[in-house]
Structure formats: structure tokens, C-alpha cells
Amino acid sequence: MNKILKLTLVLFLICAIVAGILGAVDLITRDRISAYQTAKSNAARTAVMPVNVPEGQPLYTDLDLKELGTPTTINSNGQKIKILSVSEANDGSGWVVETEFSGAQGTIVMMVGVNRSLRCTGISITQHSETSGLGANAASTAEVGVNFRAQFKGVDEHVQLKKAGGEIDALSGATITSRSVTNATSAAIQFVEALQSAN
């Protein structure tokens, strides 16, 4: 019985010490992690919506989707696009809309910049599980990916693939991914249009 009690006490002390260490590490690193996440998020946002504010000022203001009262699921050409977040550029130039949607192989998360004229200022794919060499090219830093994403600058909510009579060249062998990215861009612009109409 004494052995069990001793073992229980030792395990309890180990757990208490480990919990204390983890708590201290969290306390020490929390601000750094938060700053890193903000910097990473701002980098993705500025890739699609450059902002010009005085140094030291926040670049974007995150808007509360619940308070906006605007639908956060948009049907774009028969595809459901979910709006994850929206940030307003603090220089008044527009918004960055974070979207989530299905690609050919799984979920894609993409940032879309939308200016006050309801035109896309750029797109940036931040998460995906698309096939390497095909759908993954949409997010690639190689020329094929850069050229694909560049086509979206200046498009409006009526953006379509060329196969559907629009202006966007689909990625070779990745029509589903290309169509999904196009639909999500359209949905983001529609969301901002609804946001502007509500204000």
C-alpha cells in the first residue's frame, strides 16, 4: 500500500512540475507567438491588399462577422464558399476576405483583396491539399502559379474561366482547382458588395 501511495505522490509531483513549466513557457512565449501570427497574417494580407499607413500604425482592422450581419456562406456558380474572416485596410483602400472552399483534393483557404470599386487586387492561397504539379500550381511560387494568380487582379464578381466565356486561363490539368479559385474570388467580391450595401 505504501508503494502505491509513494508512486502516486511521485507522479503527482512530476505532473505538477511539468504543468508549472508549461505554464511558464506559455507566459514567456505568448506575446512572441501572437506577434509572429499577426506578422504572418499581415504578410498574407499585404500580398493581396497593400496598405499605406504611418509607421507603427496597425495595417488592418479585423471585422466581427457576427456583428456585420452579412451571410458568411456564398453560393458562387453552384459552389458554396465560406467566408472565414474579413479585415478592412486602415488606409481605406479596401478589404481582405479570407475564404474556404473545396478544391479537387480537399479544402483550400485563400485571401482575396477587394478594393472600393469591387475589383480584386490580388489572391493568395494560404492552405491547400491539391495535387502536386497540377492543382498545387495555383499556390506555387513558380512562374505558372504567379501567372495564374496575376490574372485575377482587376476582375469583378462576374469573373469566369475562359472555358465558360470569361477571362481566366485555367491551370493545365487542374480545371476543378482553377474553377474553385475563380468562384471563391467572385464570392469574396460579392461579400464585400453586400458589406458596402449594408453600411
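Residues are numbered from 1 along each chain as its sequence is written, and side-chain values use heavy atoms, with hydrogens and water left out. Because the model is predicted, local features need pLDDT of at least 70 and side-chain atom pairs count only at pLDDT 80 or more, while totals for chains, interfaces and linings use all residues.

Strands are taken to pair if DSSP finds at least two bridges between them. Strand 1 (residues 60-63) runs antiparallel to strand 3, with four bridges joining them, and D62 has S87 as its bridge partner in strand 3. Strand 2 also pairs with strand 3 in the antiparallel sense, over four bridges, and here I74 stands opposite I81.

The turns of the hairpins deserve a look of their own. Most residues other than glycine have a negative phi. In the hairpin of strand 2 and strand 3, two residues lie between the strands, and N77 takes a positive phi near 55 degrees. The hairpin of strand 3 and strand 4 has four residues between its strands, and G92 in the turn shows a positive phi of about 80 degrees. Four residues also separate the strands in the hairpin of strand 5 and strand 6, where L118 has a positive phi near 60 degrees. L118 counts as buried, at 18% relative accessibility; buried means under 20% relative accessible area, exposed over 50%, and partly exposed in between (1.4 Å probe, protein chains only).

The largest pocket holds about 210 Å³ of space. Twelve residues line this pocket, and the closest to its centre are S41, A44, E98, M111 and T126. A pocket is found on a 1 Å grid over the protein atoms alone, as an open set of points where a 1.4 Å probe fits, with protein on both sides within 12 Å along at least five of seven lines; lining residues have an atom within 4 Å of a point. Grid points are joined across faces, edges and corners, and the volume is the space filled by probe spheres set on the points. By type, the lining divides into three nonpolar, six polar and three charged residues (Ala, Val, Leu, Ile, Met, Phe, Trp, Tyr, Cys and Pro count as nonpolar, Asp, Glu, Lys and Arg as charged, and the others, Gly among them, as polar).

Zero disulfides, defined as pairs of cysteine sulfur atoms within 2.5 Å, were found in the whole structure. C15 is exposed, with a relative accessible area of 52%, whereas C120 is buried, at 3%.

S140 sits in the loop between strand 6 and helix 3 (143-150) and is buried, with a relative accessible area of 18%. A polar atom of the S140 side chain lies 2.8 Å from the backbone nitrogen of A142. I189 belongs to helix 4 (residues 175-198) and is buried, at 0% relative accessibility. The C-alpha atoms of I189 and H158 are 9.2 Å apart, with the two residues 31 apart along the chain.

Conventions:
Polar contact = N/O pair within 3.5 Å; in protein donor to acceptor, adjacent residues only side chain to side chain.
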